[in-house]
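Please read these points with the model open beside them.

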Amino acid sequence: MRFIKTKYHLQNVCDGHEFEDRGWTLADPESKSPSLVRAVYENRAFTPHPEYDGIYRYAEWMPVKRLLKKSCAPVTYKAKGMGKFLGLDNLYITFSGWNPRIGAKFRTCSFKETEAYSVLARLDADEKRILVVQSAGNTARAFAQVCSDNKIPVVICVPNDNLHDLWFRRKLDKCVKLVTVPHGCDYYDAISIGEKLAEDPGFILEGGAKNIARRDGMGTTLLSFVEKTGVIPDAYFQAVGSGTGAIAAWENACRLAEDGRFGANRMKVFVGQNAPFTLMYDSWKADSRELLPLDPDAGRRQAEIILAKVLSNRKPPYSIAGGLYDVLKASGGDVFLADNNDIMYWMMQFRNLEGYELLPAACVAVASLAKAVEEGKVGKEDMIMLNCTGGGTLAAMSKGYVFKGSDLELSPDLPAGEVISKVRALF
């Protein structure tokens with residue numbers, strides 16, 4: 001079946017201003033204050049297309065121009081084991097990882113593949129600029145794999161301490177270049193390298209949460225739930241580093257409510273962080289739209305301690321209009337904490353109850369759900385979506401794997417010109 005690129009325009013979340021996408025628009029050029037922009041799709045009805053492979057079954061609500069190879073859609077199923085354990089009648093797990101038994105075949109074992117397949121399909125097939133992606137680990141693995149499979153040049157900036165996350169089933173194509181920041185640096189430092197590199201017109205910054213394709217790719221998790229159950233959930237749970245996935249879920253809940261066939265949007269958004277990295281938790285509990293101050297060295301130390309290192313973003317889209325603060329306020333949601341002991345406990349419990357293992361970040365979401373049940377924030381009969389954003393690593397890696405080493409290590413203190421010249425030499 002011939003694919004026709006999705007039709008949409010953009011809307012400023014802050015003031016409602018609507019305008020056209022110029023191809024890679026990340027912000028409203030006329031806006032006077034920071035705000036996310038959303039895609040407003042020509043087709044306002046939720047319309048899955050099973051004839052398209054993988055995640056592209058949801059292409060009507062993704063800003064894509066083409067279809068890429070080897071994608072997989074999130075899988076939703078009723079979690080009888082976990083539901084019984086927590087006393088919940090309508091608990092559904094949406095899983096994005098490796099578990100062929102339930103139909104989940106994310107080769108990198110993380111829902112970051114949903115971002116990669118959407119963002120990269122937003123690029124024109126003849127794009128000459130080289131994409132720059134900044135990551136704490138899982139995003140790097142997903143973009144590296146998808147770019148390799150589809151021969152799309154990319155520079156991925158990641159902390160050296162997170163190189164253990166850069167495993168793959170086979171050697172990557174040479175179009176993928178990995179730039180690391182030294183031991184002791186964190187995700188924020190990787191972001192800094194990427195921003196310096198993007199000052200050169202030969203590179204294009206992926207854009208993170210500001211990229212509508214990233215959010216709407218991640219938002220397919222909610223679409224999977226609604227396609228399975230026929231309703232918008234009463235409560236949504238996810239672990240967050242940036243909060244982008246939770247923002248994306250809320251945006252799709254709003255679209256689904258506008259469709260009218262799936263009920264009103266009463267979805268409470270509940271998110272969790274891995275203590276002691278508690279930046280958004282602390283800010284939310286202080287009822288502060290602005291992020292509370294976090295000393296960079298303290299942030300790096302906290303990032304080293306936590307098991308779910310992908311949840312250590314010191315620059316999340318929390319305060320911006322349409323960001324996580326607004327989503328939590330609009331939905332009546334909350335933020336929970338899970339420490340490393342909680343993660344280990346729920347990793348083992350989940351394996352016993354559901355039959356497969358989760359990545360540490362997804363265990364933070366499970367722990368958050370358990371705490372919400374304990375505190376009475378969800379009811380026995382509520383329709384609950386537990387977004388398990390990754391797992392199945394041991395099963396996937398048992399088939400063999402290789403690690404992707406750094407192509408170049410750069411200090412985040414280097415001037416932009418030197419960063420650009422060193423990275424250009426890789427190509």
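Over the ring of which residue does the charged end of Arg57 sit?

1. The charged end of Arg57 sits over the ring of Tyr58, 5.8 Å from the ring centre. A charge sits over a ring if NZ of Lys or CZ of Arg is within 6 Å of the ring centre and within 35 degrees of the ring normal. Tyr58 also belongs to one aromatic cluster with Phe46, Trp61 and Phe262.

2. This is a predicted model, in which local features need pLDDT of at least 70, side-chain atom pairs count only at pLDDT 80 or more, and totals for chains, interfaces and linings use all residues. Residues are numbered from 1 along each chain as its sequence is written, and side-chain values use heavy atoms, with hydrogens and water left out.

3. Nine of the 11 residues of helix α4 (residues 187-197) are buried, among them Tyr187, Asp189 and Leu197. Buried means under 20% relative accessible area, exposed over 50%, and partly exposed in between (1.4 Å probe, protein chains only). Helices (H or I, at least four residues) and strands (E, at least two) are DSSP runs, numbered from the N terminus.

4. Five strands form an open sheet in the order β12-β8-β9-β11-β18, with parallel pairing. Its edge strands, β12 and β18 (408-409), each pair on one side only. Two strands pair if DSSP finds at least two bridges between them; β8 and β12 have three bridges.

Terms used. Rings of Phe, Tyr and Trp (its six-membered ring) pair if their centres lie within 6.5 Å; planes under 30 degrees apart count as stacked, over 60 as edge-to-face and the rest as tilted.
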